Amino acid sequence: MLSEAEAAEAAVRANLDAGLPQWRELQAASRAARQCAYAPFSDFQVGAAVLAADGRIISGCNVENASYGLTICAERVAVCSGIALGIREFVAICVSLSGIPVPCGACRQFLVEFNPKMLILLDNVEAGSEDGGQGCLPELVSLDTLLPRPFRIER
Ligand SMILES: [Zn+2]
């Protein structure tokens with residue numbers, strides 16, 4: 001017999017499996033990339049990983065710069081790395097950080113360019129850490145809920 005909390009967790013897990021079967025691989029790649037973050041100024045490490053339509057997973061991390069304004073977010077590094085490999089179709093992205101893991105406004109607009117309905121896995125690496133360090137289950141949202149009226153130029 002599952003406790004109420006276990007039943008709730010099982011429901012979230014089932015929802016993740018149904019919405020994004022590769023979520024575990026994506027989360028693992030994103031968390032691994034976070035370890036490579038170049039964040040000497042903020043000490044705020046962020047990892048990201050994108051899932052391409054062909055199944056490839058490409059990761060990225062934030063890269064800070066002394067000028068601050070040239071800092072690049074993990075999400076954009078992951079997408080740019082995918083673009084450099086010839087990938088144009090992205091299904092999902094995971095963002096891993098300690099705190100509230102939502103992409104910034106600039107990244108939302110950047111992601112819309114490639115898929116306005118991209119799935120976004122929000123992974124707070126600290127949540128639930130008292131339960132063995134695995135973190136709580138990530139939340140799955142669609143980009144169009146985070147940026148409902150994006151700037152677009154029809155081609
Ligand atoms: Zn960003």
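The structure is a predicted model, in which local features require pLDDT of at least 70 and side-chain atom pairs count only at pLDDT 80 or more, whereas totals for chains, interfaces and linings use all residues. Residues are numbered from 1 along each chain as its sequence is written. Secondary-structure elements are DSSP runs numbered from the N terminus, with helices (H or I) of at least four residues and strands (E) of at least two.

Burial was assigned from C-beta atoms placed from the backbone: a residue is buried if 20 or more other C-beta atoms lie within 10 Å of its own, exposed if 12 or fewer, and partly exposed in between. The number of buried residues in α1 is zero out of 16, so this helix lies largely in the open. Within α1, E9 is partly exposed, with 15 other C-beta atoms within 10 Å. The C-alpha atoms of E9 and L137 are 7.8 Å apart in space, although 128 residues separate the two in sequence.

Two packed helices are described by the angle between their axes and the distance between the axes. Helix α3 (residues 74–84) and helix α4 (residues 105–112) have axes that come within 9 Å and cross at roughly 20°. This angle makes α3 roughly parallel to α4. Axes are lines fitted to C-alpha atoms, for helices over the stretch in contact, with angles from 0 to 180 degrees between N-to-C directions; angles under 35 degrees count as roughly parallel, over 145 as roughly antiparallel, 65 to 115 as roughly perpendicular and the rest as oblique. The crossing of α3 past α4 is left-handed, a term that applies if the near helix is turned anticlockwise from the far one by less than a right angle, clockwise being right-handed. Contributing to the contact are E75, R76 and V79 from α3 together with C107, F110 and L111 from α4; residues are in contact if their C-beta atoms, placed from the backbone, lie within 7 Å. Four of these residues are nonpolar, none polar and two charged, where Ala, Val, Leu, Ile, Met, Phe, Trp, Tyr, Cys and Pro count as nonpolar, Asp, Glu, Lys and Arg as charged, and the others, Gly among them, as polar.

E75 of helix α3 is buried, with 27 other C-beta atoms within 10 Å. Excluding residues up to four places away in sequence, E75 touches A48, G60, I93, V95, P103, C107 and L111. The C-alpha atoms of E75 and I93 are separated by 7.6 Å, at 18 residues apart along the chain.

Positive phi values occur at two residues other than glycine. D43 has phi near 55° and lies in the loop between α2 (23–34) and β1 (47–52); D43 is exposed, with 8 C-beta neighbours inside 10 Å. Y68 has phi of about 65° and is situated in the loop between β2 (57–61) and α3, where Y68 is exposed, with 9 other C-beta atoms within 10 Å.

Helix α5 (residues 143–146) contains D144, which is partly exposed, with 15 other C-beta atoms within 10 Å. Beyond its neighbours within four places in sequence, D144 contacts P116 and K117.

How values were computed. Two residues are in contact if their C-beta atoms, placed from the backbone, lie within 7 Å.
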